[in-house]
Amino acid sequence: MNVVVGAKIGRKLITGSYVVADVMCSEDLVGAIDHALKVFDKMAHSIGPRLYSCCNCRNHVGLHDDIISKAFQGRTGRAFLFSHAMNIVVGPKEDRHLLTGLHTVADISCADCNEPLGWKYERAYETSQKYKEGKFIFEKAKIVKEDW
């Protein structure tokens, strides 16, 4: 067994008084967990972050971990909402009527090849859409998974 059960003692808990025993991990279980965590950590570092890249030049533009939603609509079809972006150029702001109402947006493009990738939400006029402010839309057709 991988646990050690301590001595029974009386304890007063919120729901009443009980006779309980502490349960602890045995040394062999602690060692096994420690080893598994070290292996996992090595694997995570060797694999690296999952990246999305520009479909044209493969410039890294976003991290998979920064995806907020994959249920958005772009100009060319499905789009992903990202919390952050990298290696992009943000164009001038303009008001645009989108499916969810009026927003101030700025088109984004790849910093290396200038491929249009989507847009950045600068301002949402409706209260229910405020969560999008400062976030990025990447058109699914304009980005590719990089090495994963």
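Mentor: There are zero disulfides in this structure, which is a predicted model. For C54, the closest cysteine sulfur belongs to C113 and lies 3.6 Å away. A disulfide calls for sulfur atoms within 2.5 Å, so the separation of C54 and C113 is too far for a bond. C54 itself is buried, at 0% relative accessibility. C57 is likewise in no disulfide, and the nearest cysteine sulfur to it, in C110, is 3.5 Å away. The relative accessible area of C57 is 32%, which makes this residue partly exposed.

Now the charged side chains. Five salt bridges turn up when the whole structure is searched. A network of these bridges links R75, E94, R96 and D107. Strand β7, residues 88–98, contains R96, while D107 sits in strand β8, residues 101–110. The R96 and D107 pair therefore ties together parts that are 11 residues apart in sequence.

R96 has 13% relative accessibility and counts as buried, because the limit for buried is under 20%. E94 is partly exposed, with a relative accessible area of 38%. D107 is also partly exposed, at 30% relative accessibility.

Another bridge is formed by E115 and K142, whose side chains meet at 2.8 Å, N to O. This pair links distant parts of the chain, 27 residues apart. E115 is in the loop between β8 and β9, the latter covering 116–124. K142 is in the loop between β10, 136–139, and β11, 143–146. At 19% relative accessibility, E115 counts as buried, since buried means under 20%.

To put the two parts side by side: the sulfur of C54 is 3.6 Å from that of C113, too far for a bond, whereas the charged residues R75, E94, R96 and D107 are joined in a salt-bridge network.

Technical notes: Residues numbered from 1 in each chain as written. Predicted model: local features only at pLDDT ≥ 70, side-chain atom pairs only at ≥ 80, totals over all residues. Heavy atoms only, no water. Salt bridge = Lys/Arg side-chain N within 4 Å of Asp/Glu carboxyl O. Buried < 20%, exposed > 50% of the residue type's maximum accessible area, 1.4 Å probe, protein only. Helix = DSSP H or I, 4+ residues; strand = E, 2+ residues; numbered from the N terminus.
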